[in-house]
Amino acid sequence: VGLRIRLRRISKLLPEHASTILDGGCGRGVISRYLARRYKNAQVDAIDGDARAQEKNIALAQAVGLQNCHHSVADLLDYVATDKYDLIVSVDNLEHIEDDERVLANYHVSMKDQGTLFVHVPHFYRRWPVFKWQENFDVPGHVRPGYHLPQLTERVERAGFEVLDSGYSYGFLENLSNNLSYMITGAEERNKIFYALVFPLLDFVSWLGQWSRPDMGAGVWVHAKKSVE
């Protein structure tokens with residue numbers, strides 16, 4: 001459910017056209033495959049440090065016939081492709097990286113002038129279970145609970161980008177469905193059969209909330225561009 005929520009937020013902010021795309025920290029490859037379908041004539045580079053996950057992503061991309069989605073195993077701290085990309089998407093991976101500013105600096109070097117950057121990360125706070133705001137969970141693999149929106153904006157600007165827009169994701173309905181999802185799975189793929197049965201309902205609830213513009217939410221995002229120097 002969380003992936004669907006983030007994907008819906010991203011889809012409304014992406015540019016109309018892109019030719020070379022980087023999905024930095026692609027994880028399960030859901031967003032990479034979406035980008036490859038949306039931009040059929042673009043090259044999508046899906047980068048992640050998890051070799052096992054990338055094997056699955058390669059098999060999935062082949063199974064659904066995506067010829068323009070290329071998966072590689074690399075460390076984002078070291079990955080640089082100078083002036084290559086006109087769109088870079090980074091969804092919920094900076095919270096896993098201690099030196100997040102180095103990754104953002106690498107994105108800046110790797111992006112063409114006037115290219116678009118979209119970053120989404122967990123907010124420092126989340127609403128749990130329904131109404132109360134509290135510090136985000138201690139999630140395995142996270143080096144920080146999340147980001148305050150001004151903190152993320154400052155990091156993106158310090159890397160050299162011009163911030164065009166920013167805000168929160170996970171409005172009330174999205175947050176509710178995501179929390180119910182977390183209660184069932186524990187973010188560890190528990191209770192798979194039960195989750196599969198209730199997933200359509202949870203996804204529908206989150207779909208209803210996609211047009212909200214929350215003043216505070218469990219996720220924060222920044223939409224930026226690389227200006228001509």
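This briefing walks through the overall build of one protein chain and then looks at a few of its residues. The model is a predicted one. The protein chain has seven helices and nine strands. Its radius of gyration is 17 Å, close to the 17 Å that the globule rule gives for 229 residues, so the chain is as compact as a globular protein of that length.

**The chain as a whole**

- If you follow the C-alpha trace along its principal axes, the protein chain spans about 45 × 40 × 30 Å.
- Of the 229 residues in the chain, 52% count as buried.
- Look at contacts with a separation of 6 or more: residues 24 or more positions apart account for 76% of them.

- Helix α7 covers residues 192-208, and Ser-206 is found in it.
- Is Ser-206 buried or exposed? Ser-206 counts as buried because its relative accessibility is 0%, under the 20% cut-off.
- Leaving aside neighbours within four places in sequence, Ser-206 is in contact with Val-1, Ile-5 and Arg-8, and also with Leu-173, Glu-174 and Ser-177.
- Trp-207 also has its place in helix α7.
- With a relative accessible area of 37%, Trp-207 is partly exposed, because this value lies between the 20% and 50% cut-offs.
- Trp-207 and Ile-5 are 202 residues apart along the chain, yet their C-alpha atoms are separated by 7.5 Å.

**Cysteines without a bond**

- How many disulfides does the structure hold? The structure holds zero disulfides.
- Cys-26 is in no disulfide, and the nearest cysteine sulfur to its own belongs to Cys-69, 7.6 Å away.
- Cys-69 is likewise in no disulfide, with the sulfur of Cys-26 as its nearest cysteine sulfur.
- A disulfide is a covalent bond between the sulfur atoms of two cysteines.
- For the pair to count as a disulfide, the two sulfur atoms would have to be within 2.5 Å.
- Cys-26 counts as buried, at 8% relative accessibility, and Cys-69 counts as buried too, at 7%.

How values were computed: Residues numbered from 1 in each chain as written. Predicted model: local features only at pLDDT ≥ 70, side-chain atom pairs only at ≥ 80, totals over all residues. Heavy atoms only, no water. Helix = DSSP H or I, 4+ residues; strand = E, 2+ residues; numbered from the N terminus. Rg over C-alpha atoms; globule rule 2.2 N^0.38 Å. Buried < 20%, exposed > 50% of the residue type's maximum accessible area, 1.4 Å probe, protein only. Contact = heavy atoms within 4.5 Å.
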